[in-house]
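Trainee: I am new to this structure. Please show me how to read its features.

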Amino acid sequence: MNFDFSKVVGCLVTHEHGDHCKGIRDAVKFGLNIYATPGTIKGFKFESYRLHPIKKNIKFNVGPFDVIAFDVHHDTFEPCGFLIRHEEMGTTLFLTDTIYCDYKFPGLTNILIEANYSQDIIDEKLRENRFLRNRVIQSHMSVETAIKTLKANDLSKVNNIVLIHLSDRNSDAKVFKQRIEDATLKTVTIATSGLTIKNFNITPF
């Protein structure tokens, strides 16, 4: 963002693992308000008036956005996913670092969802490392589960599906993209550094 945070109204944090929150202290220094569950804030291990505890399943506002946090299944204090609504954007689901999702969400227009690994790749790559294999499958969502999660929801109004948190070792971005496209018949993008999606609004054009 070239250090221009003038349009940023807040920062949502799903959990306290370093690959998801290592920039929190800097964000606070730049004057950003951080929203996370009390358990996640505890995991930050520092205090600031810009750290705002949120309650799951209760709507709160971040600027013009309506947000609801919900339970996920991960090995941290109090992890969550987010349902985010804006008048122009519609309703976006942000779901990462969870084995599966307990909920279905009506009226989605955009989805960011974890596809960390595939069962066949992890079985092959981590055949000799059962500890790491078990840790991954007990804390992250496979592409197979991502497909089931997507198909369990009404995708009729969805314009974008963005695959996030792909494992460097246990995923294949090109294959995952094709699998999700085949399963959903939707526009699928792999999240990469510096990615810009031009249309994240309600209308597909």
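Mentor: Start with contact, which means heavy atoms within 4.5 Å. Leaving aside neighbours within four places in sequence, His86 is in contact with Pro64 and Phe65. Keep in mind that this is a predicted model, where local features need pLDDT of at least 70, side-chain atom pairs count only at pLDDT 80 or more, and totals for chains, interfaces and linings use all residues. Residues are numbered from 1 along each chain as its sequence is written, and side-chain values use heavy atoms, with hydrogens and water left out.

Trainee: Is His86 buried or exposed?

Mentor: Buried means under 20% relative accessible area, exposed over 50%, and partly exposed in between, with a 1.4 Å probe and protein chains only. His86 has a relative accessible area of 16%, so it counts as buried.

Trainee: What does the side chain of His86 reach?

Mentor: A polar contact is a pair of N or O atoms within 3.5 Å; within protein, one must be able to donate a hydrogen and the other to accept it, and residues adjacent in sequence count only if both atoms are side-chain atoms. Here the side chain of His86 reaches the backbone nitrogen of Glu88, at 3.0 Å.

Trainee: In which strand is His86?

Mentor: Strands (E, at least two residues) and helices (H or I, at least four) are DSSP runs, numbered from the N terminus. His86 belongs to strand S6.

Trainee: Which strand does S7 join in parallel?

Mentor: Five bridges link S7 to strand S8, residues 108-114, in parallel. Leu95 is opposite Ile113 of S8. Five of the six residues of S7 are buried, so this strand is largely enclosed by the rest of the structure.

Trainee: What happens between S4 and S5?

Mentor: Strand S4, residues 60-62, runs antiparallel to S5, with three bridges. Phe60 has Val67 as its bridge partner in S5. Their hairpin has two residues between the strands, and Gly63 takes a positive phi near 60°.

Trainee: What is the strand order in the open sheet of three?

Mentor: The order is S1-S2-S3, with parallel pairing. S1 and S3 (51-53) each have a single partner strand, so one side of each has no neighbour in the sheet. Strand S2, residues 34-36, has three bridges to S3. Ile34 pairs off opposite Leu51.

Trainee: How do I read a pocket?

Mentor: On a 1 Å grid over the protein atoms alone, a pocket is an open set of points where a 1.4 Å probe fits, with protein on both sides within 12 Å along at least five of seven lines; lining residues have an atom within 4 Å of a point. Grid points are joined across faces, edges and corners, and a volume is the space filled by probe spheres set on the points. The largest pocket holds about 2,000 Å³. It is lined by 42 residues, with Met1, Gly10, Leu12, Phe94 and Leu112 nearest its centre.

Trainee: And the second largest pocket?

Mentor: Its space is about 150 Å³. Its lining includes Asn116, His140, His165 and Arg169.

Notes. Two strands pair if DSSP finds at least two bridges between them.
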